[in-house]
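Thanks for passing this one along. Please have the sequence and the model open side by side while you read my notes.

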Amino acid sequence: MFKKILLAVAVALPMFAAAQSPKFGTVEVQNIFQAMPETAAMNTQLEEASKKYQEEFNKLQEEFNKKYTELQTLDQDATTPQSIKERRMQELSELNDKVQQFRQTASEDLQRQQQTLMAPIQERVLTAIKAVGQENNFTFILTTDVPAYVGSDVVDVTPLVKTKLGLK
């Protein structure tokens, strides 16, 4: 029995010695995103779209303010029939609903555009991180945003990923 255990240890020992210890890395994804020209182009596109939405919102807001001022004037005029005042209040309420709906639609559309534009950038960064991990035999590569503690034997692979992406 003792010889079987000794034989098992003798066979397993070289396998344990040959096994590579885990290699861990961290990466600053935000730093990489900021360095990418695609991110700057994406931000420019989003700013242009946001500016167009803001211009349209300003037009709606001006129309609302104009109708509100008219309603205040009518409300102070004792000769204006109540039915006209009520119709104007209804118009103002409908316009306010349009403004709120426009604001929500614009926000959702900008979020969709950002997700659409960001997806290929994220895929490119993820592919580069995976390639660096495989080329350098890393067990794990984690973002620096998550860990509460990082030991001295963990490698920051951000420069390697930037090089892989052709960034400075």
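The points below go from the overall fold to salt bridges, helix packing and surface.

1. **Before you start.** This is a predicted model, in which local features need pLDDT of at least 70 and side-chain atom pairs count only at pLDDT 80 or more, while totals for chains, interfaces and linings use all residues. Residues are numbered from 1 along each chain as its sequence is written, and side-chain values use heavy atoms, with hydrogens and water left out.

2. **Overall layout.** The chain has five helices and three strands, and their order along the sequence is α-β-α-α-α-β-β-α. Here helices (H or I, at least four residues) and strands (E, at least two) are DSSP runs, numbered from the N terminus. Of the contacts between residues at least 6 apart in sequence, 85% join residues at least 24 apart; a contact means heavy atoms within 4.5 Å.

3. **Burial and surface.** Of the 168 residues in the chain, 24% are buried. Buried means under 20% relative accessible area, exposed over 50%, and partly exposed in between (1.4 Å probe, protein chains only). The accessible surface is about 12,400 Å², and 56% of that belongs to carbon and sulfur atoms. These areas come from the Shrake-Rupley method with a 1.4 Å probe; for residues, only the protein chains shown count as cover.

4. The model holds six salt bridges, each a side-chain nitrogen of Lys or Arg within 4 Å of a carboxyl oxygen of Asp or Glu. One of them pairs Arg124 with Glu38 at 2.4 Å, N to O. Arg124 sits in helix α4 (residues 82-135) and Glu38 in helix α3 (residues 37-76), so this pair links distant parts of the chain, 86 residues apart. Arg124 is partly exposed at 33% relative accessibility, and Glu38 is partly exposed at 29%.

5. Which residues does Glu91 join into one network with Lys67? Salt bridges that share partners connect Lys67, Arg87 and Glu91. The Glu91 to Lys67 bridge is 3.9 Å, N to O; Glu91 lies in α4 and Lys67 in α3, so the pair ties together parts that are 24 residues apart in sequence. The Glu91 to Arg87 bridge is 2.5 Å, N to O, and these two are about one helical turn apart because they are four residues apart in helix α4. Glu91 is partly exposed at 25%, as is Lys67 at 29% and Arg87 at 44%.

6. **Thr39.** Is Thr39 buried or exposed? Thr39, which lies in helix α3, is buried at 10% relative accessibility. Leaving aside neighbours within four places in sequence, Thr39 contacts Phe33 and Ile121.

7. **How α4 meets α5.** The axes of α4 and helix α5 (residues 158-165) come within 9 Å and cross at roughly 115°. Axes are lines fitted to C-alpha atoms, for helices over the stretch in contact, with angles from 0 to 180 degrees between N-to-C directions. On the α4 side, the residues include Arg124, Val125 and Ala128; they meet Leu160, Val161, Lys164 and Leu165 in α5.

8. **A nonpolar patch.** Phe24, Phe140 and Leu142 form a nonpolar surface patch with about 270 Å² of accessible area together. Patches are made of residues with over 30% relative accessible area and no salt bridge, like charges being joined within 9 Å and nonpolar side chains (Val, Leu, Ile, Met, Phe, Trp, Tyr) within 5 Å. Phe140 belongs to strand β2 (residues 140-143) and is partly exposed at 46% relative accessibility.
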